[in-house]
Amino acid sequence: PIVMVAAGGDPVSAGLINSLGRPGTNVTGSVIMSPELNGKRLELVKELVPGATRVAVVWNPTLSGTEAQLPPLQAAARSLGVELSMHAVRHVDDLPGIEDAIGREASQALLILPDPAVLESHLGRTLSMAERLKLPTVYPWRSYVNAGGLAAYAPSLPDHFRRAAVSLDRIIRGESASELPVEQPTSFEFSLNASAARKLGLSVPPSVLARVDELVE
């Protein structure tokens, strides 16, 4: 039996399992795939920058399951009255061109979608791009905020590890991995970097500060 912990991408389209509810193989565990999550991140962008009407989005279209995350993001944009400017990244060398394109736009904020292949593998270059653009940016993981980024809204990784222990215990006690549902995120963390906010001249509303799980100074 194999227990995934906060696995990225879509394990169904990757052929690892038959469905989230009934894996049907020797693989179970948890995934960080949550199509509604990027809509929540966009809501956070709007709270941090209430006047934003255009938001640049950097995403990797080559990742499994990424396309499924776009409709909820687009629905959230319509609800919030925000126009999205989409910028596809497939290789780290695409970043300078993306930075130039965003710099020529009238975007008032930036949203970075989850991408372990490029953006997270080159976290420093991703952060440097956002810093040069001087745009309030919401990221997909706390690691960005710890490294100097403004804000992140992400699944709780400690929660995923705790739930993995429960799955392992059930398997050891005789249950089949093929029958144990693969779990999606249920617990989330909001991280904010106060120093980054000050550099941007951003005044964070008290209602937003009250919800911060981790404040980085």
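1. Setting aside neighbours within four places in sequence, Asn193 is in contact (heavy atoms within 4.5 Å) with Val145, Gly148, Gly149, Leu150 and Val216. The model is predicted, so local features need pLDDT of at least 70 and side-chain atom pairs count only at pLDDT 80 or more, whereas totals for chains, interfaces and linings use all residues. Residues are numbered from 1 along each chain as its sequence is written, and side-chain values use heavy atoms, with hydrogens and water left out.

2. Asn193 belongs to strand β8 (residues 188-193); strands are DSSP runs of E with at least two residues, helices are runs of H or I with at least four, and both are numbered from the N terminus. Asn193 counts as buried because its relative accessibility is 5%; buried means under 20% relative accessible area, exposed over 50%, and partly exposed in between, with a 1.4 Å probe and protein chains only. The side chain of Asn193 reaches the backbone nitrogen of Ala196 at 3.0 Å.

3. Val49 is placed in the loop between α1 and β3 (54-59). With 14% relative accessibility, Val49 counts as buried. Not counting residues up to four places away in sequence, Val49 touches Gln108, Ala109, Pro136 and Leu202. The C-alpha atoms of Val49 and Pro205 are separated by 9.7 Å, although these residues are 156 residues apart along the chain.

4. Helix α1 (residues 37-48) and helix α2 (residues 70-80) cross at roughly 30 degrees, and their axes come within 8 Å. Axes are lines fitted to C-alpha atoms, for helices over the stretch in contact, and angles run from 0 to 180 degrees between N-to-C directions. α1 and α2 are therefore roughly parallel to each other (angles under 35 degrees; over 145 is roughly antiparallel, 65 to 115 roughly perpendicular and the rest oblique). The crossing of α1 and α2 is right-handed, that is, the near helix is turned clockwise from the far one by less than a right angle, anticlockwise being left-handed.

5. In this pairing, Asn38, Gly39, Leu42, Glu43 and Lys46 of α1 meet Pro72, Leu73, Ala76, Ala77 and Leu80 of α2. The residues of this contact divide into six nonpolar, two polar and two charged (Ala, Val, Leu, Ile, Met, Phe, Trp, Tyr, Cys and Pro count as nonpolar, Asp, Glu, Lys and Arg as charged, and the others, Gly among them, as polar).

6. Helix α3 (residues 95-103) and helix α4 (residues 123-133) pack at an angle of about 20 degrees, their axes lying 10 Å apart. The crossing of α3 and α4 is right-handed.

Methods
Polar contact = N/O pair within 3.5 Å; in protein donor to acceptor, adjacent residues only side chain to side chain.
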